[in-house]
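Colleague: I am new to this structure and would like to know what lies behind the words used for it. Please set each value against its definition.

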Amino acid sequence: MYEAFYKNYESEVFTATILVKENLGIGHIANYGNFSCKILAMVLPDGTLIDNELTLNWPVAWENAPQSETFDRLKALNTYEVEISKYLIDPDTMDESRQEYFSRHYCLRKVLKADIQHSALQAIKEEFLREVAINDPMLGKIVLDKNMGNFVSEVDWCSGQDNASEVQLYLDVDEDNGETCTQSLSHAHTMFQAQEKFDRLMREYAAQNLLEDANNWIADDDEQSQLYPNGLSLEDFMKRIRLSELSIDSDGSISAFYDDDDIFWGHIIIVEGSIPNLTFESAYIAG
């Protein structure tokens, strides 16, 4: 049934002990699903520890796949003995980047045992669970989300203003150290010190670029078309949207996610730009 899936992996199967990081979910391939999970580390039969992040895949039914074959098969931060096989690497058809990418992919053939006790994997698990946090005078406590690989915090945005909101803030980790966010945090300080200015410019940019589309959507909505018989104005658009999430990269690039207040029937408005240049390059809807 899943011949097309298994032909991508070596036929040789070996036993390993793995520490699961998280389940990623199902991707659609041909007429079946590819379920994937991340593993934090793996111990080979000869005792070799591979402690860089790997991906484990297995085929499932695309529709109505049982929970026992998906999210319940391997659970986060549990340790298992499994049978797996390597992805087939073909130097003749893959460039070096693809070879590197697929060298970290394996196929799950069978789960042999659960709740395996292994001291090295237990140490990796304890380190993964150790909280890494920054207490920032301006933004409060910012915590490293080790699954996502960035720092996260809930912060007040434009407090006391009509457009005030509570925002989920994501900060990029420093390239040379996955447990700090010095560069993105510096850019965040710049932005939050002038948050009302940034907010006005981002709203204005979104309204200018999406107003025509917004009025097309509103024209197809009986209730909203009655509220705005002459169409939504630039000012109305700017007043209705609320910042909900903000992502800041180490180079100062930003992605601002706005609640659309049902202008686009519940879709998210995303504005992308640069903090150092105080410029914006795109505004679009998603979700």
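Colleague: Where is V167 placed?

Modeller: V167 is in strand 10, residues 165-172. Helices (H or I, at least four residues) and strands (E, at least two) are DSSP runs, numbered from the N terminus. The model is predicted, with local features needing pLDDT of at least 70 and side-chain atom pairs counting only at pLDDT 80 or more, while totals for chains, interfaces and linings use all residues. Residues are numbered from 1 along each chain as its sequence is written, and side-chain values use heavy atoms, with hydrogens and water left out.

Colleague: Why does V167 count as buried?

Modeller: Buried means under 20% relative accessible area, exposed over 50%, and partly exposed in between (1.4 Å probe, protein chains only). V167 has 1% relative accessibility, so it counts as buried.

Colleague: What does V167 touch, not counting residues up to four places away in sequence?

Modeller: Contact means heavy atoms within 4.5 Å. With those sequence neighbours not counted, V167 touches S153, E154, V155, W157, L243, S244, E245 and L246. F264 is 97 residues from V167 along the chain, and their C-alpha atoms are separated by 20 Å.

Colleague: What makes S274 buried?

Modeller: The relative accessibility of S274 is 12%, so this residue counts as buried. S274 is found in strand 13. Residues up to four places away in sequence aside, S274 touches G252, S253, I254 and T279. Between the C-alpha atoms of S274 and F71, 203 residues apart along the chain, the separation is 38 Å.

Colleague: How do you know whether T70 is buried or exposed?

Modeller: T70 has a relative accessible area of 3%, and therefore it is buried. T70 sits in the loop between strand 4 (54-60) and strand 5 (79-86). Not counting residues up to four places away in sequence, T70 touches I26, F35, W58, V60 and A65.

Colleague: Why does T190 count as partly exposed?

Modeller: T190 has 40% relative accessibility, so it counts as partly exposed. T190 lies in helix 4, residues 182-193. Neighbours within four places in sequence aside, T190 is in contact with F198 and I275. G252 is 62 residues from T190 along the chain, with 9.6 Å between their C-alpha atoms.

Colleague: What makes N209 partly exposed?

Modeller: N209 has a relative accessibility of 41% and therefore counts as partly exposed. N209 is in helix 5. From N209 to A283 is 74 residues in sequence and 6.5 Å in space, C-alpha to C-alpha.

Colleague: Where is the kink in helix 5 centred?

Modeller: Helix 5 (residues 195-219) has a kink of about 60°, centred on L210. The bend at a residue is the angle between axes fitted to the seven residues ending there and the seven starting there. L210 is also one of the buried residues of helix 5, which include F198, M202, Y205 and A206. An α-helix has 3.6 residues a turn, so residues three or four places apart point the same way.

Colleague: Why does D115 count as exposed?

Modeller: D115 has 57% relative accessibility, so it counts as exposed. D115 is in the loop between strand 6 (105-114) and helix 3 (119-129). Its phi is positive, about 60°, although D115 is not a glycine.

Colleague: What makes W265 partly exposed?

Modeller: W265 has a relative accessible area of 46%, so it is partly exposed. W265 lies in the loop between strand 12 (253-259) and strand 13 (268-274). The phi of W265 is near 60°, a positive value in a residue other than glycine.

Colleague: How many helices and strands does the protein chain have?

Modeller: The protein chain has 7 helices and 14 strands. Its radius of gyration is 24 Å, well over the 19 Å that the globule rule gives for 287 residues, so the chain is more spread out than a compact globule. The radius of gyration is taken over C-alpha atoms, and the globule rule is 2.2 Å times the number of residues to the power 0.38. Along the principal axes, the C-alpha atoms fill a box of roughly 70 × 45 × 40 Å.

Colleague: How many of the residues count as buried?

Modeller: Of the 287 residues of the protein chain, 42% count as buried.
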